[in-house]
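I opened my notebook to write down what I looked up in this structure.

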Amino acid sequence: MKLSNKELKCVKAGAAISSTLINSLIKGINSFLDIGRYLGSSIRRMVSGNSCPLR
């Protein structure tokens with residue numbers, strides 16, 4: 001079955017990488033990196049004894 005030129009112009013392609021997708025991926029990666037930094041800092045403070053005492 002062949003499509004006419006008019007029908008071919010209406011065909012939309014598959015997936016496209018948009019700036020919104022790239023931006024959300026970068027934000028997700030940055031979130032994981034921030035969690036790792038916070039967790040590493042808290043572990044280092046607890047091990048070195050520099051954490052605030054509980055009241």
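I looked up Leu21 and found it partly exposed, with a relative accessible area of 39%. The model is predicted, so I keep that in mind for each entry. I then placed Leu21 in helix H2.

Which residues form a nonpolar patch on the surface? I listed Ile17, Leu21, Ile22, Leu25 and Ile26. Together they have about 490 Å² of accessible area.

**Helix H2**

I counted the secondary structure of the chain: two helices and zero strands. Helix H2 runs over residues 19–48. I checked its length next. At 1.5 Å a residue, its 30 residues should span 44 Å. I found its end C-alpha atoms 43 Å apart, which agrees.

What follows H2? I found Gly49 there, and its phi is positive, near 80°.

**Lys27**

I found Lys27 in helix H2 as well. Is Lys27 buried or exposed? Its relative accessible area is 54%, so I noted Lys27 as exposed. The cut-off for that word is over 50%.

I also took a distance from Lys27 to Cys10. The two are 17 residues apart along the chain. Their C-alpha atoms are separated by 34 Å.

**The salt bridge**

How many salt bridges does the count give? I got one. The side chains of Asp34 and Arg37 meet in it, at 2.7 Å from N to O. That distance passes because the rule asks for a nitrogen within 4 Å of a carboxyl oxygen.

I noted Asp34 as partly exposed, because its relative accessibility is 31%.

**The whole chain**

I stepped back to the overall shape. The C-alpha atoms fill a box of roughly 75 × 20 × 15 Å along the principal axes. I looked up the radius of gyration and found 25 Å for the chain. A compact globule of 55 residues would have one near 10 Å.

What share of the residues counts as buried? I found 0% of the 55 residues. The chain exposes about 5,800 Å². Carbon and sulfur atoms supply 64% of that area.

How values were computed. Residues numbered from 1 in each chain as written. Predicted model: local features only at pLDDT ≥ 70, side-chain atom pairs only at ≥ 80, totals over all residues. Heavy atoms only, no water. Helix = DSSP H or I, 4+ residues; strand = E, 2+ residues; numbered from the N terminus. Buried < 20%, exposed > 50% of the residue type's maximum accessible area, 1.4 Å probe, protein only. Patch = residues over 30% accessible without salt bridge, like charges linked within 9 Å, V, L, I, M, F, W, Y side chains within 5 Å. Areas by Shrake-Rupley, 256 points an atom, 1.4 Å probe, with all protein chains shown as cover. Expected span 1.5 Å × (residues − 1). Rg over C-alpha atoms; globule rule 2.2 N^0.38 Å.
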